[in-house]
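Reader: I am new to reading protein models. Could you take me through this one, question by question?

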Amino acid sequence: MGHRLSRIVTKTGDRGQTSLGSGVRVDKDAPAIEALGTIDELNSWIGVLITLANSPEVRETFELVQHDLFDLGAQVSVPGTPLLSSEHLLRIESAFAQMNTKLGMLKEFILPGGERSSAFAHVARTVCRRAERRLFTLCEVTSSPAEDANHDVPPHAYGLAYLNRLSDLLFVASRIENKFADRPDILWQKGKSLS
């Protein structure tokens with residue numbers, strides 16, 4: 001692997017631009033950088049979840065997710081390098097199904113909270129939804145109908161689907177964390193603050 005990260009301070013971004021992995025220079029608020037930054041933020045919150053998680057299943061599942069998110073970031077940073085695939089989707093869909101079978105049916109919306117790890121899973125879930133929106137924006141500004149017609153799978157299609165499934169997985173993980181700690185989910189009570 002060599003010394004890819006031997007220079008952390010480069011000073012090349014001091015004027016509001018940065019380089020993608022492809023070498024292309026872009027403004028730091030470009031759609032690709034917005035997507036990359038939000039994916040990075042998501043990965044950091046998942047790191048917090050892993051650190052606090054009580055359930056070994058949650059820890060193991062999300063350690064793999066962190067690697068997937070680096071793959072997705074590499075894919076955004078170097079367009080044309082599809083790293084996420086249908087196998088990634090199947091793996092997290094399977095993890096979702098496995099965790100969800102251990103939970104009771106919800107009759108009401110739940111509030112973020114309960115166990116600390118559950119609350120942080122909700123934070124990661126909302127950042128995941130933002131990452132999905134940022135990636136969608138990137139797709140909208142960078143793809144053309146002609147490009148899409150030349151691909152069996154449009155660029156970032158797996159990334160968008162992955163983030164969509166991941167937010168669901170984070171929701172289920174929040175409930176698993178409460179269950180593992182023997183804490184009930186906090187149910188939304190309509191109009192409670194006025195009663």
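Reader: Is Trp188 buried, partly exposed or exposed?

Author: Trp188 sits in the segment after β4 (186-187). Its relative accessibility is 36%. Buried means under 20% and exposed means over 50%. The value falls in between, so Trp188 is partly exposed.

Reader: What span should helix α1 have, and how far apart are its end C-alpha atoms?

Author: Helix α1 covers residues 31-52, which is 22 residues. Count 1.5 Å for each residue, times one less than the number of residues.

Reader: Which residues of α1 are buried?

Author: Look for residues with under 20% relative accessible area. In α1 these are Ala32, Ile33, Ala35, Thr38, Ile39, Leu42, Asn43, Ile46, Leu49 and Ile50.

Reader: Is Ala121 buried or exposed?

Author: Ala121 lies in helix α4 (residues 116-142). Its relative accessible area is 0%. The cut-off for buried is under 20%. So Ala121 is buried.

Reader: Which residues is Ala121 in contact with, leaving aside neighbours within four places in sequence?

Author: Contact means heavy atoms within 4.5 Å. With those sequence neighbours left aside, the contacts of Ala121 are Leu49, Leu170 and Ser174.

Reader: How far apart in space are Ala121 and Val172?

Author: In sequence, Ala121 and Val172 are 51 residues apart. In space, go from C-alpha to C-alpha. The distance is 8.9 Å.

Reader: What share of the contacts between residues at least 6 apart in sequence joins residues at least 24 apart?

Author: Begin with contacts in the protein between residues at least 6 apart. Then keep those that join residues at least 24 apart. The share is 74%.

Reader: Where is confidence lowest?

Author: The protein averages a pLDDT of 85, and 81% of the residues score at least 70. Confidence is highest in helix α3 (residues 86-100), at 96. Where pLDDT is low, the predicted coordinates should not be read in detail. The lowest mean, 47, belongs to helix α5 (residues 145-149).

Methods. Residues are numbered from 1 along each chain as its sequence is written. This is a predicted model: local features need pLDDT of at least 70, side-chain atom pairs count only at pLDDT 80 or more; totals for chains, interfaces and linings use all residues. Side-chain values use heavy atoms; hydrogens and water are left out. Helices (H or I, at least four residues) and strands (E, at least two) are DSSP runs, numbered from the N terminus. Buried means under 20% relative accessible area, exposed over 50%, partly exposed in between (1.4 Å probe, protein chains only). pLDDT is the predictor's confidence in each residue, from 0 to 100.
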